[in-house]
Amino acid sequence: MPHSHDAADSIDDALEASTEGVRALKISMGILLVTTVLQLVVTVFSGSIALFADTVHNFADALTAVPLWIAFILGRRAANRRYTYGYGRAEDLAGLFIIAVVAISAIVAAWQSIDRFFHPQPVHNLWWVVIAGLIGFAGNEAVAIYRIRVGQRIGSAALVADGVHARIDGFTSLAVVIGGFGVMIGFPLADPIVGLLISAAIIVLLWGTVRSLGRRLMDGIEPGLLHRAEHALHDTPGIEGIERLQLRWIGHRLSGNATITTSVVTLTEADQIATLAQNALRHAIPNLDDIKITPRPTTSPGSLPEDADHRRHL
C-alpha cells in the first residue's frame, strides 16, 4: 500500500501492482500446466471422459492467464493523446477472450460426454483416475490461494475473481473422483454424467464472469466501494455534504471525481479540504489512482467563484 499521497507514489504503486500481478500469473499458469499434463497422461491410459472434461478445462484456465498477463503489461503504458485514460481497459478485453476460451472448453467437454452416452467405452485404471482428480483439486486450490492473496494485496478484482474461479474448478476435479468411485461400484454411466455436470458447472461459473465483466464495461462498481468512499468524505472535517461522487474501474485501478459542499469562504481553505478529502479516500480505498475533488460553497457564494478550478489530483 502507498505510504504517501503524492502522484508519483500512485504511479509507482500501480506499476508495482502490475509487476506482482504478472508474477502471480506466471507461477499459477505453470502450476496449472503441470496439473494438466499429469491429468492428460492418466486420461490417455484410462479413457475417462469426466477426467478428459476436467483436463480440457484446466488447460483452458492455464491459457486464460496469457491475455491477462498481456493486459497487465499494457496497463503499465502511460496515457497519451489517443488513450487519455491509459490502457487499463485491456484487462476487460482480456476478460472477453477468457470468456470465449472457457465457453469453448465447456462445449467440448459436454459434446464428448454426450457422445459417450451413445458410444460407451470402458474406463480403465480407475485408481489412477481418482488420483488424477485429486491432483487437479490440489493444483487448482494452490493456484486459488496464491491468486486471491496477491489480488487482494495489489487491489486486482480480476485476479481475485480468477482465484475464486480456480477454487471452484478444484471442486469440479473432486467430481471426477466421485465419478471414478461410481464406475468402481458398477455404475459406468457415472463417468459421462460427471462430465456433463462439470460442463454445467463451467457454464454457471461463466455466467457470473459475464455479469462481472459486463458491469465493468458499463462503468459499474461494487456498492461497497461507493459506501466506503461516502463514509470517508462525510468523516472529513469541513465537508458538509456530497453533491456527486463517481468511481469507475480502469483495469485493476480506480479513478473518479467528486463534488463536495463546504462552508469555507477562502480558496486556500477549500484547497486544504480537497487535499484532506483525497487523503481520506486513499486510506479508505487503497487502489484508488486518481480522483478530482471540486468544492462548492454552502455560504458566501461569491467567495468561491463557480468558474474557479478547485480540482486536486492524486
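In the hairpin formed by strands S1 and S2, 2 residues lie between the strands, and Gly251 there adopts a positive phi near 70°. The model is predicted, so that local features need pLDDT of at least 70 and side-chain atom pairs count only at pLDDT 80 or more, whereas totals for chains, interfaces and linings use all residues. Residues are numbered from 1 along each chain as its sequence is written, and side-chain values use heavy atoms, with hydrogens and water left out. Helices (H or I, at least four residues) and strands (E, at least two) are DSSP runs numbered from the N terminus.

- S2, helix H8 (residues 267–284) and S3 together make a right-handed β-α-β unit, a handedness assigned if, with the strands pointing away from the viewer, the path from the first strand over the helix to the second runs clockwise.

**Burial of the strands**

- Strand S2 (residues 253–262) is largely enclosed by the rest of the structure, because 9 of its 10 residues are buried, that is, under 20% relative accessible area with a 1.4 Å probe and protein chains only.
- S3 is likewise largely enclosed by the rest of the structure, since 7 of its 10 residues are buried.

**Packing of helix H2**

- The axes of helix H2 (residues 49–74) and helix H3 (residues 90–118) come within 9 Å and cross at roughly 170°, the axes being lines fitted to C-alpha atoms over the stretch in contact and the angles running from 0 to 180 degrees between N-to-C directions.
- H2 and H3 are therefore roughly antiparallel to each other, a label for angles over 145 degrees, while those under 35 degrees count as roughly parallel.
- The residues of the contact of H2 with H3 comprise 18 nonpolar, 5 polar and 3 charged.
- H2 packs against helix H6 (residues 190–217) at an angle of about 25°, with their axes 7 Å apart, which makes H2 roughly parallel to H6.

Technical notes:
Angles under 35 degrees count as roughly parallel, over 145 as roughly antiparallel, 65 to 115 as roughly perpendicular and the rest as oblique. Ala, Val, Leu, Ile, Met, Phe, Trp, Tyr, Cys and Pro count as nonpolar, Asp, Glu, Lys and Arg as charged, and the others, Gly among them, as polar. Buried means under 20% relative accessible area, exposed over 50%, partly exposed in between (1.4 Å probe, protein chains only). Two strands pair if DSSP finds at least two bridges between them.
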